[in-house]
Amino acid sequence: MIAAVLFCLLLLSPIAFAEEAHEYLWPVPHSRIVTQGYTPRTNGAIDILGQLGDSIVASKDGTLVYALTGCNNVDGLETGIRCARRTGCSKRSRENYPLDGFCNYGFGNGVVLRHSDGAYTVYAHFVHVEPSLRRGKRVVQGQHLGEMGSSGRSTAVHLHFSVTAPKSSGFTKNRLDPAQVFGSFAYVATTDAVDITAYRVRLEGLFSFLGPVPERVGILLGESESAMAISTEYFDVELPGRTYMKMYYDVDNIEGWPLLPGATYYWQCYVIQEGKMGLGEVRSFTMLEE
């Protein structure tokens, strides 16, 4: 019998991704874990999880219109540190209401770019902005903007990213769902096989997505890489307000055939979104001897 449960992922390892051809470039080269999806009435952006110091790059050629700096509260709300004179925040930031003084209106350190079509992109919560960047400076797509952090109004290390429609009058108006400029995607990062016994194993994987909720997630399992079959899956995944999940699968058989002591098996997590399958890397594990 197979039991499967989904839990939130708290830790991750750097992952490299191949980019599809889009006008906009994904701004975090080493992570596609979207911890908060686009909500027009609240966040107006997406939050991309990463590790402290991860590079953030320009999504599109543009001109830097704001360099938000001076925030030393790199732990955000986690330690309750707020903007004060000693952090270098401006008087205007300290008196900001209703965010009660969060540095640079809650954005912390970051940049705002204006693009040739009149669209804006916002990148927030940096550790610091690349020192060479100044207001009015031209940047090119893929150029390093700063390092991921948790400055401003933030509870964890991440990038707050927003994009507006062309010909916008400012970076807080006419914001788009980033899925419109990046395209939808779903991917899997396989983690590990743990708690291995002679007859049972726990398989763990992560899936994340942008755009429509995936229709299915699950694992492929078999006695060889060429003979893997779907062993378990979810249909109509319900993820209200959550765009990334860790999967746990407790497995003791392959389509009714029991796992054998001492045998080696191959497995792979998958996710299906809009009929397209995203696959994690192939892994193997060996059952214990009796």
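Reader: How many bridges join β10 to strand β11, residues 175-176?

Author: Two strands count as paired if DSSP finds at least two bridges between them. Here two bridges join β10 to β11, and these strands run antiparallel. Opposite T164 stands R175 in β11. Strands are DSSP runs of E of at least two residues, helices are runs of H or I of at least four, and both are numbered from the N terminus. This is a predicted model, in which local features need pLDDT of at least 70, side-chain atom pairs count only at pLDDT 80 or more, and totals for chains, interfaces and linings use all residues. Residues are numbered from 1 along each chain as its sequence is written, and side-chain values use heavy atoms, with hydrogens and water left out.

Reader: What is the bridge partner of I48 in β10?

Author: The partner is L159. β3 and β10 run antiparallel and are joined by four bridges. β7 also pairs with β10 in the antiparallel sense, over four bridges; there A124 stands opposite H160.

Reader: Which residues of β10 lie on one side and which on the other?

Author: In a regular strand the side chains alternate between the two faces of the sheet. In β10, H158, H160, S162 and T164 are on one side, with L159, F161 and V163 on the other. Both faces are covered, and these residues are all buried. Buried means under 20% relative accessible area, exposed means over 50%, and partly exposed is in between, with a 1.4 Å probe and protein chains only. Seven of the seven residues of β10 are buried, so the strand is largely enclosed by the rest of the structure.

Reader: Which residues touch the most other members of the largest nonpolar core?

Author: A nonpolar core is a set of buried Ala, Val, Leu, Ile, Met, Phe, Trp, Tyr and Cys residues joined through side-chain atoms within 4.5 Å. The largest has 35 residues, and W26, V111, Y123, F126, L145, L159 and L210 touch the most other members. Among the elements that each supply at least two residues of this core are β3 (46-49), β7 (120-129), β10 (158-164) and α2 (179-182). Another core, of 22 residues, lies apart from it and includes F207, W267, F285 and M287.

Reader: What is L210 in contact with, leaving aside its neighbours within four places in sequence?

Author: Contact means heavy atoms within 4.5 Å. The partners of L210 include W26, V34, I46, F182 and Q273.
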